[in-house]
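Let's take a walk through this structure, one part at a time. Have the sequence and the 3D view ready.

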Amino acid sequence: MKLPNLKEFQPWIFRTLRFRLTFGYLVVFALLLTLLGFSITATLQSLLSDRSEEILREEWAAIKGYLHFENGEPFWYYDPSDPDEVATRARLRRVFVLATGEGRIWDSTVDPSFQEMQQQDLILAEMKQARDTGIPIFKTIQGDDEGPYLIESGLMIDEKHQEWYLAIGRSIREDVSIIRKFRRDYFAILLPIALLISIAVSWYTTGRGLRSLQSVERAAQDITGSNLGLQIPLRGANDELDRLIATFNEMSSRLKTSFDQIRQFSTDASHELRTPLTAIQGQLEVALFTAQTSEELKRAIENALEDVERLATLVRRLLLLSQSETGQLPMH
């Protein structure tokens with residue numbers, strides 16, 4: 001059983017050059033816009049992350065102004081009667097952990113959502129990492145409903161040169177919201193609109209570019225035996241389409257020249273064939289109506305045979321010429 005050809009069921013528009021070019025432009029443009037969207041998203045994330053880390057560094061420096069050490073014991077140094085200092089201390093202790101070098105918590109946030117910041121194993125591991133690298137550690141945790149939070153942790157040294165573990169954090173919920181909003185607006189709104197515009201522009205420009213090809217198509221359809229030398233005017237752009245039109249015009253000129261030669265050849269061949277045939281006909285008619293003796297009849301038949309031989313030679317030469325033109329017989 002012969003399977004049906006699926007190409008026969010495809011709509012004709014999908015097989016057109018205009019559709020294929022437009023679809024190719026659309027795919028390339030979609031890939032470029034998608035890569036651009038991911039690139040902008042990564043850049044925006046990097047900028048927001050750098051800003052959050054810079055704010056945390058400033059708060060790290062601020063908290064050192066409120067945490068003092070005396071005889072190896074930390075305490076908060078602030079003026080309880082100053083509302084600004086009270087508010088600043090409360091804000092700094094919003095997401096906060098201070099632990100000894102052995103990982104024992106000295107002070108921390110009371111919110112149970114941040115219990116993972118108070119794990120002794122984690123504190124000791126981050127102290128070792130900060131000690132080895134000499135740079136603060138940044139990480140992200142979920143925390144409470146205002147999360148996620150960016151956490152900075154590192155070491156503090158008291159007046160007795162003892163190590164203390166300090167971790168502070170701030171919500172980056174707004175940063176995450178900005179990233180999500182940008183992704184939604186770009187990939188769900190801007191990208192589809194840009195693709196629709198690119199489809200319209202590509203369809204229009206491709207159609208304008210293919211008009212010259214359509215003129216070639218119409219010219220090919222209009223060519224008949226009476227106008228083989230039909231010429232298409234050049235657009236003057238000197239591009240691929242102009243070169244195609246010039247090639248078509250040259251082909252049309254060659255076809256006209258060839259067909260003119262064929263017509264001339266047919267005329268000449270008809271003339272050459274008609275002459276011996278007319279002679280043969282005349283001689284046979286004379287012999288038929290006027291010959292009185294066998295000698296006269298014989299002479300008329302001999303003359304007719306000579307013309308027949310001449311006609312046969314001409315036919316053989318025509319056959320030889322035809323075989324040479326078709327490549328069946330090589331000529332030297």
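## A buried asparagine

N249 has 8% relative accessibility, so N249 counts as buried (under 20% relative accessible area; exposed is over 50%, and partly exposed lies in between, with a 1.4 Å probe and protein chains only). You'll find N249 in helix 6, residues 240-290. Helices (H or I, at least four residues) and strands (E, at least two) are DSSP runs, numbered from the N terminus. Leaving out residues up to four places away in sequence, N249 touches L230, Q231 and I232 (contact means heavy atoms within 4.5 Å).

## About the model

This is a predicted model, where local features need pLDDT of at least 70, side-chain atom pairs count only at pLDDT 80 or more, and totals for chains, interfaces and linings use all residues. Residues are numbered from 1 along each chain as its sequence is written, and side-chain values use heavy atoms, with hydrogens and water left out.

## A strand with two faces

Which side chains of strand 5 (residues 137-141) are buried? I137, K139 and I141 are, and they point to one face.

Strand 5 pairs with strand 6 (residues 149-157) in the antiparallel sense, over five bridges; pairing takes at least two DSSP bridges between two strands. Opposite K139 stands I151 of strand 6.

## Where two helices meet

Helix 1 (residues 17-66) packs against helix 2 (residues 83-92) at an angle of about 120 degrees, and their axes are 11 Å apart. Axes are lines fitted to C-alpha atoms, for helices over the stretch in contact, with angles running from 0 to 180 degrees between N-to-C directions. The contact is made by E59, A62, I63 and Y66 of helix 1 and E85, T88, R91 and L92 of helix 2.
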